[in-house]
Amino acid sequence: SHKKASEIRGSTTDPECRKMKMSDQSIQCAYNFQIAVETDSELVLSTKAVQNSSDTGTMKPMFENLGNKYQRKITRYLVDSAYIKVGDLNFLHDQGCFVYSPTEKSTAFTIKKRVYSVGKKVSEGEKEFIFRMKTEDAKKIYNKRIRTSETINAFIKNRRLYQLTTRGIQKVKGFIDLICLTYNMQIILEMSFFNLYAKKTRQI
């Protein structure tokens with residue numbers, strides 16, 4: 001059967017992008033970009049373009065990407081509740097990585113209700129996640145994500161770089177990588193100036 005034009009989720013100019021609901025509730029042809037940021041330095045570590053408006057199910061692929069790219073064990077992973085998927089949560093738990101996320105929305109809230117329900121079968125990863133996020137320490141750690149994620153998002157929006165002129169998922173990802181490289185260079189320059197100023201201040 002043939003789909004009506006209004007039902008087609010692709011684009012006539014870029015067959016690899018998809019129709020997605022934007023923050024203003026409009027429907028646009030777009031890509032969903034995942035950007036991993038290190039919370040202390042605020043440097044971008046990796047990016048990934050996906051053809052789905054939902055963030056659910058993207059946590060595990062990015063975690064594996066970071067592990068393979070940097071060959072380092074990741075012990076903390078901070079995400080919005082929209083990223084939580086039971087399979088991904090259990091996978092990271094088995095890898096010895098603690099996930100930090102709000103538990104009042106999406107799948108995270110469903111997990112929370114199941115953990116506190118009598119007779120419901122839950123995994124060790126689910127229980128450990130819910131009980132950890134009750135602690136003040138976990139909430140303080142998660143707050144780092146709010147600052148770091150908003151910094152890179154603001155960098156992109158303030159320069160009106162959310163509308164791209166390239167087509168195809170690989171070219172678009174390359175464009176986003178260049179944006180993130182520019183952002184990283186700015187962060188590094190700011191660090192250098194700060195360290196130089198701090199050194200001169202100590203000398204005085």
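1. Let's start with H1, where Met59, Met62, Phe63 and Leu66 are buried. These four cover an arc of only 105° around the axis, so they sit on the same side of H1. Bear in mind while reading that this is a predicted model.

2. What covers that buried set? The cover includes strand S3 (32-37), strand S4 (44-50), strand S5 (76-78), H2 and strand S6 (98-100). So much for the strands; H2 gets its own point below.

3. The length of H1 checks out. Its twelve residues should span 16 Å at 1.5 Å a residue, and the end C-alpha atoms are 17 Å apart, which agrees. Just past the end of H1, Gln71 takes a positive phi of about 50°.

4. Now the helix pair. Two packed helices are described by the angle between their axes and the distance between those axes. For H1 (residues 59-70) and H2 (residues 86-94), the axes come within 9 Å and cross at roughly 30°. Angles under 35 degrees count as roughly parallel, and that makes H1 roughly parallel to H2.

5. Which residues make the H1 and H2 contact? From H1 there are Met59, Lys60, Phe63 and Glu64, and these meet Asp88, Leu89, Phe91 and Leu92 of H2. By type, the contact residues divide into five nonpolar, three charged and no polar. Note that Met59 and Phe63 turn up in this contact and are also among the buried residues of H1.

6. Just after H5, Arg160 takes a positive phi of about 55°.

7. Finally, the whole chain. There are six helices and six strands, and read along the sequence they follow the pattern β-β-β-β-α-β-α-β-α-α-α-α. Of the 204 residues, 33% count as buried. As for contacts with a separation of 6 or more, residues 24 or more positions apart account for 50% of them.

Technical notes:
Residues are numbered from 1 along each chain as its sequence is written. This is a predicted model: local features need pLDDT of at least 70, side-chain atom pairs count only at pLDDT 80 or more; totals for chains, interfaces and linings use all residues. Side-chain values use heavy atoms; hydrogens and water are left out. Axes are lines fitted to C-alpha atoms, for helices over the stretch in contact, and angles run from 0 to 180 degrees between N-to-C directions. Helices (H or I, at least four residues) and strands (E, at least two) are DSSP runs, numbered from the N terminus. Angles under 35 degrees count as roughly parallel, over 145 as roughly antiparallel, 65 to 115 as roughly perpendicular and the rest as oblique. Contact means heavy atoms within 4.5 Å. Ala, Val, Leu, Ile, Met, Phe, Trp, Tyr, Cys and Pro count as nonpolar, Asp, Glu, Lys and Arg as charged, and the others, Gly among them, as polar. The expected span of a helix is 1.5 Å times one less than its number of residues. Buried means under 20% relative accessible area, exposed over 50%, partly exposed in between (1.4 Å probe, protein chains only). The arc is that of the directions from the helix axis to the C-beta atoms.
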